Protein chains: 2
Amino acid sequence: MSGLDTGLRGLKRVAIVGTGLLGGSLGLALRQRGFAGHILGVGRRQATLDRARQHGCIDETTTDPGQAARDSDLIVLATPLGSFGRILGEIAPHAAPGLVLTDVGSTKALVCADARRLLPPALARRFIGAHPMAGKELHGPEHASPDLFVNAPCVITAEPDADAQALTLVESLWSAVGMRLIRMSPQMHDQCVARISHLPHALAVLLVELAMSQGGLEVASTGFRDTTRVASGDPEVWSDIFTTNRGACLEVIDAFTARLGQFRQLLDQQDTPALMDLLRRAKTGRDAWIAKANHCDTGKR
Amino acid sequence: MSGLDTGLRGLKRVAIVGTGLLGGSLGLALRQRGFAGHILGVGRRQATLDRARQHGCIDETTTDPGQAARDSDLIVLATPLGSFGRILGEIAPHAAPGLVLTDVGSTKALVCADARRLLPPALARRFIGAHPMAGKELHGPEHASPDLFVNAPCVITAEPDADAQALTLVESLWSAVGMRLIRMSPQMHDQCVARISHLPHALAVLLVELAMSQGGLEVASTGFRDTTRVASGDPEVWSDIFTTNRGACLEVIDAFTARLGQFRQLLDQQDTPALMDLLRRAKTGRDAWIAKANHCDTGKR
C-alpha cells in the first residue's frame, strides 16, 4: 500500500461510473497499487459491468448511480460526456455526507458548470474536475491496463472555491496511478485540448475521409497509420467532445485554417527559406517536447 | 540465398548513393537476404560512408558517382531529392553497358522527367522509378534496419517504354527486401502521396507550430505524439518533397481546406447527426485499412 497516501487508504468504497477503457484501467491501477477498499462499478448494462468484474477492474456492480452515491466515499465519472448531466442528477439527491466527485471528461468548462448547476452547493464544491490525458483507440474493459495513466499528464480544473480536502483527495487519486498533475482553469484546459487533441482528431478524421474518397490508401504506410491513429477512436465519445467544446474548437480551427493558408502561400510562391525555417522550428519544438515529456519510452499506444 | 531471384543473384555490384536510413537499411536487407556481391556506398562525406560501413550497411565506399556508374550493375539513388539532378548528371557519362537505375525518391514526376532529360535515351529506359514507402523519423545509418521495408508498399513508376529486364530487376530488388509492389504512373503516385503523406506531414508541422505559439504542449500526450510524429522528420528531405511535388500538394491542400471548412460548419451549426456520420465513416474506413494492410502488427515506427 506504499503507493497510496493516507487519504486514499482511508476510503472504504470508490465508485467508478462507466467501466470501459478508462474506468476499467483506473480500477486495475488502484488495485495494483494496493487500494484495499471496495471498487464499485456503476453502469447501465449489467453485461459490461460483468465483463469489467471478470477482468478484475471492479469487485462490485450496480446499475443505480443513487446507490453508488449513498454507499461511496469517492465517485469517478468515466462515461461519455453526454451522460454526465443525467448521472449528476441521479447522484445529487442520494449523496452521502462528505462524498467527493471527480471525472475523466475530455472537456471541462461545460462539465464544471453542470456540476454547479445540478449539485447542491456543498457537494458542487467537492466536485473536482479532472482530465487524465491517457487513452488509446481501443475501448472496453478488455483493453484496460493498470499502467494506462503512468507518466501521462492529468489536468485538474479545481474552481477557486473548491473544497480543500476534496481537492487533496482527487489529486492523490490521479497521482497514485502515476499521473503528472497540472492545475488549470476549465476554460484554459478547453482551449489547450482543442489545440493538442480535438483539432488533431478532426484533422485525422478528415485525412482518412479524403484518402477514402479520392484514393491513396493502397500506398499509405506507417506515417499515415500514426498520423490518423486517433481517427479510430469511439465516434460517440468524440461527438460529445466536439459538441461540448464547440467554442474553443471553432476558434482553433480558424487559427489553423489561417496557418494552412500561409503554408499554401509559401509553397505556391516557392519560398524555400521560409518553408525550411518552418520545418526546422517544428522539428526542434517537437523533439524538445518529446525529450522533456519522455513520451517516446513509454511505448503506450 | 533463397530470398533472391536469379536476376539479383547475378549482380556483381550494387551501388547505393546516400547511405542514410533508407540506403543503409537497403544494404543491410540485401546482405541479410543473402546477396553475395559487393555493396558500394556512394556519398559526398567519407565520414558518413565510414559509419555506414561500420554498421555493415555497405562493404565498399566511394565519393565519386562516376566510379559507381562504371563499376556497378545496379545503382540505387537514396539521397535527398534535391541532389538527384546533380547525381544523374555525374552518372550519365560513365554508365557501364546495361547499368540499371532506381531510386527511393518520395516524389516521382519530376524525378522521372529528370532521368529522361539527363540520361541518354537507352539508359533513361533503364531508370525505373521507385518509392519504397518505409521510414521513420530518425535518420542516419545508425538507425538502419534490415526489416525497415518488410510489408510496406513500394510504388514502381515505370514509364510505358521502360526496359523490360530493368523493370524485372528493380521489382525483384524491392520485392526481395519484403515490399508489396504497386505499379502506378509518376503523376498518379504524386497525387496519392500528396494525400496520404505530404499533406499529413504539413498538418503535423502546423499542429506543432500552433501548440508552440499558443500553448498546450504541457498537457499533450500520446495522441499528439502520434499525430505529429512525422514532424520530427528531416527538414531538408521534406523541403525537397514539398518543392518537387508542389502542384499536387497545392491541389490537395485546397481539397482539405474545403473539407475543414465543412467540418467547421457542421460544428457551428450543431449538426450532430452529420458529425457522427463523418466520425463513423472515418473510423470504419481506417479500421478496414488497418486490418487489410496489417500495419498494426509490424510494430514499425
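Okay, let's start at one side chain: A:Arg195 reaches across to the backbone oxygen of B:Gly215 at 2.6 Å, and it also reaches the backbone oxygen of B:Gln214, at 2.8 Å. Those are polar contacts, meaning N or O atom pairs within 3.5 Å; within protein, one must be able to donate a hydrogen and the other to accept it, and residues adjacent in sequence count only if both atoms are side-chain atoms.

Before I go on, this is a predicted model, where local features need pLDDT of at least 70 and side-chain atom pairs 80 or more, while totals for chains, interfaces and linings use all residues. Residues are numbered from 1 along each chain as its sequence is written, chains are lettered from A and ligands numbered from 1 in the order in which they are written, and side-chain values use heavy atoms, with hydrogens and water left out.

Back to A:Arg195, which sits in helix α9 (residues 186–214) of chain A. Helices here are DSSP runs of H or I with at least four residues, strands are E runs of at least two, and both are numbered from the N terminus. A salt bridge needs a side-chain nitrogen of Lys or Arg within 4 Å of a carboxyl oxygen of Asp or Glu.

By that rule we get 39 salt bridges over all chains. One of them joins A:Glu60 and A:Arg13, N to O at 2.9 Å. That pair links distant parts of the chain, 47 residues apart, with A:Glu60 in strand β3 (residues 60–62) and A:Arg13 in strand β1 (residues 13–17), both of chain A. A:Glu60 is buried at 19% relative accessible area, and A:Arg13 is buried at 17%.

Then there's A:Glu209 with B:Arg259, closest N and O atoms 2.7 Å apart. This pair crosses between chains, from helix α9 of chain A to helix α12 (residues 246–268) of chain B. A:Glu209 is buried at 13%, and B:Arg259 counts as buried at 16%.

Now the rings. The search of the whole structure finds eight aromatic pairs over all chains. Rings of Phe, Tyr and Trp (its six-membered ring) pair if their centres lie within 6.5 Å; planes under 30 degrees apart are stacked, over 60 edge-to-face, and the rest tilted. For A:Phe224 and B:Trp289, the centres are 5.4 Å apart and the planes at 85°, so that's edge-to-face. The pair goes from helix α10 (residues 222–227) of chain A to helix α13 (residues 272–293) of chain B, and both A:Phe224 and B:Trp289 are buried. A:Trp289 and B:Phe224 also have centres 5.4 Å apart and planes at 85°, so they're edge-to-face too. A:Trp289 and B:Phe224 are both buried. Elsewhere, ring pairs link A:Trp238, A:Phe242 and B:Phe263 into a cluster.

Last stop: A:Ser25, in helix α2 (residues 21–32) of chain A. A:Ser25 counts as buried at 0% relative accessibility, and a polar atom of its side chain lies 2.9 Å from the backbone nitrogen of A:Ser145.

Conventions: Buried < 20%, exposed > 50% of the residue type's maximum accessible area, 1.4 Å probe, protein only.
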